[in-house]
Each structure stands twice: as structure tokens, then as C-alpha cells.
Amino acid sequence: MARQHRSWLRVLRWKFTKPSSKTIVIHHNNDTENARGLGITPISLEMSLSEEDLAAIKIQSVFRGHLARRAFRALRSLVKLQAVVRGVCVRRQARIALHCMNALVRLQVRVRARQLLNTAV
């Protein structure tokens, strides 16, 4: 167990401490013509991130993915629960409908029997 933990930790460290010199460039060109008409220049932001920043970004993205999967799992179980509850409700409605139909049939049998007795006399 400890050996697996160490290898997992080694892989995690390797993923987050790989040497990199990444530069992020963000361009906002939403309606550049409209921006120029208003006298606003489009934004161009360039920044260099350190290894710690990149590691933090990776950790955050992994954690957000974990939260999204957990939320999806909860939602999926909620949908299953709703299906079960709806099935119970439908079965109850069917049982009530059959009970009402049975009562109507019994009433119809009584009326028929009474009509037959009245015509026989």
C-alpha cells in the first residue's frame, strides 16, 4: 500500500513540477470595430507564469473537474430517484384507477341483477 502511494505521489510531483516556460497570451477582440468607434483599444495581455503558478492552475483544474464529476454523479442519482418515485406514483394511480373501475363493475352488476329481478316478477 505504501509503495503504491509513493509511486502515485512521484507521478503527481512529476506532473506538477515539469520544467516549462509557458506564456499565456489573452486577446479580447470582441467587436473590435465597435471598440474602435467608441475610442477603446482592444486588450492584449501577456504574462509569464512560474512553475508554482502552473502547478496551482493544474491543481485547480483537477479539483474543478473532481467537483464537476461529483455534481454530475449526484445529479444522475437524483434523476434515478425521481424515476423511482414517478414509477411509484404511476403504480399508485393505476391501482386507484383499477379499484374505481372494479367498483363501477360491481355497481353495474347490482343494477343488472335488480333489473332482471324486476322483469322476472
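Among contacts in the protein chain between residues at least 6 apart in sequence, what percentage join residues at least 24 apart? In this predicted model, the share comes to 52%.

The mean pLDDT of the protein chain is 78, and 63% of the residues reach at least 70. Helix α3 has the highest confidence, at 92, whereas strand β1 (residues 23-28) has the lowest, with a mean of 52. Where pLDDT is low, the predicted coordinates are not to be read in detail.

Of its 121 residues, 4% count as buried. A nonpolar patch on the surface is formed by Phe72, Leu75, Leu78, Val79, Leu81 and Val85, which together contribute about 560 Å² of accessible area. One of these patch residues, Phe72, is located in helix α3, which spans residues 51-120. That helix is also the element with the highest confidence in the protein chain.

No disulfides are found when the whole structure is searched. Cys89 has a relative accessibility of 29% and therefore counts as partly exposed. Cys100 belongs to the partly exposed class as well, because its relative accessible area is 43%, a value between the 20% limit for buried residues and the 50% limit for exposed ones.

Definitions and conventions
Residues numbered from 1 in each chain as written. Predicted model: local features only at pLDDT ≥ 70, side-chain atom pairs only at ≥ 80, totals over all residues. Heavy atoms only, no water. Patch = residues over 30% accessible without salt bridge, like charges linked within 9 Å, V, L, I, M, F, W, Y side chains within 5 Å. Areas by Shrake-Rupley, 256 points an atom, 1.4 Å probe, with all protein chains shown as cover. Salt bridge = Lys/Arg side-chain N within 4 Å of Asp/Glu carboxyl O. Helix = DSSP H or I, 4+ residues; strand = E, 2+ residues; numbered from the N terminus. Disulfide = S-S within 2.5 Å. Buried < 20%, exposed > 50% of the residue type's maximum accessible area, 1.4 Å probe, protein only. Contact = heavy atoms within 4.5 Å. pLDDT = per-residue confidence, 0-100.
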